[in-house]
Amino acid sequence: MYKNVITFTIKLIRTRYIIYIEKKRDIYFIFFIMVDIIKKAVWLDCDPGHDDAFAIILAAHHPSLELIGISTVVGNQTLERTTQNAYKIAYISGLPENLPIIRGCGESLCQHVMTCPEIHGQTGLDGADIPEHPEYKKLIKENDENYLWNIYKKIRDVNRPVTLIATGQLTNVALLLKVFPQVFCFCN
Ligand SMILES: [Ca+2]
């Protein structure tokens, strides 16, 4: 019954299409069926920094990604600065207010902390006049404790595999894997 039917799938930027071709009495009928792409769940661990500011914006708005949370680490600037900057970028790029932004580790495991004021300036985002997140002081207090548990819990509760992307130093990731090695089960 299906000997004259051909189906195949193509994927464009935002959408996957199933193309269905059927031949009836020497006439080809072509059907396009649009199928939503399942977005890849992403957790971004970062130290903004100009480069990581763009990483946040890209992760937040790329059509194939779903940003489920952000954690910050010392690196391009102090932990206070990188966290404040993550909130700023989240605010100006229109991220949902309930997106978790978790302040992570402010120390290095193997060496002295080194920041990069000569590259990113004293704020970590020098050169750009970016407004503060209006709820920063309130939110940062709520997220300040038990950061490893908070990161683990958020990743665990997504109910599908999470891709953990680290664009800063790997302290948070190392501690997360040490304290909650079962996080492997929930990550790609
Ligand atoms: Ca970085």
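Predicted model: local features only at pLDDT ≥ 70, side-chain atom pairs only at ≥ 80, totals over all residues.
Which residues in α1 meet which residues in α2?

**View 1. Helix α1 packs against helix α2.** From α1 (residues 50-61), the contact residues are A53, I56 and I57, and they meet N85, A86, I89 and A90 in α2. By type, that contact splits into six nonpolar residues, one polar and no charged. The two axes sit 10 Å apart and the helices pack at an angle of about 40 degrees, with α2 spanning residues 79-92. That angle makes α1 oblique to α2. As for handedness, α1 passes α2 in a right-handed crossing.

**View 2. Four strands make an open, parallel sheet.** Reading across, the order is β6-β5-β4-β7. On the edges are β6 (101-103) and β7 (162-166), each pairing on one side only. From one strand to the next, the twist averages 20 degrees. As a reminder, strands of a sheet pair through backbone hydrogen bonds, either parallel or antiparallel.

**View 3. Strand β4 pairs with β5 and with β7.** Seven bridges join β4 to β5, and the two strands run parallel. Look for C46, which stands opposite T72 in β5. Between β4 (residues 40-46) and β7 there are five bridges, again in the parallel sense. Here W43 has L164 in β7 as its bridge partner. So how buried is β4? Six of its seven residues are buried, so β4 is largely enclosed by the rest of the structure.

**View 4. Helix α1 lies across β4 and β5.** The loop between β4 and α1 holds G49. Check the backbone here: the peptide bond from P48 to G49 is cis, with omega near -10 degrees. For context, most peptide bonds are trans.

**View 5. Helices α5 and α6 cross at roughly 80 degrees.** The axes of α5 (residues 147-156) and α6 (residues 171-179) come within 10 Å. On the α5 side the contact residues are L148, I151 and Y152; they meet L175, L176 and V179 in α6. Sorting the residues of this contact gives six nonpolar, no polar and no charged.

**View 6. N159 has a positive phi in the loop between α5 and β7.** Phi is about 70 degrees, although N159 is not a glycine. Most residues other than glycine have a negative phi. Is N159 buried or exposed? Only 12 or fewer C-beta neighbours would do for "exposed", and N159 has 8 inside 10 Å, so it counts as exposed.

**View 7. G127 sits in the loop between α3 and α4.** With 9 other C-beta atoms within 10 Å, G127 is exposed. Now find H50: how many residues separate H50 from G127 along the chain? They are 77 residues apart, and their C-alpha atoms are separated by 9.6 Å.

Notes: Residues numbered from 1 in each chain as written. Axes fitted to C-alpha atoms, helices over the stretch in contact; angles between N-to-C directions. Contact = placed C-beta atoms within 7 Å. Nonpolar A, V, L, I, M, F, W, Y, C, P; charged D, E, K, R; others polar. Pairing = 2+ DSSP bridges. Parallel < 35°, antiparallel > 145°, perpendicular 65-115°, else oblique. Left-handed = near helix turned anticlockwise from the far one by under 90°. Buried ≥ 20, exposed ≤ 12 C-beta atoms within 10 Å, placed from the backbone.
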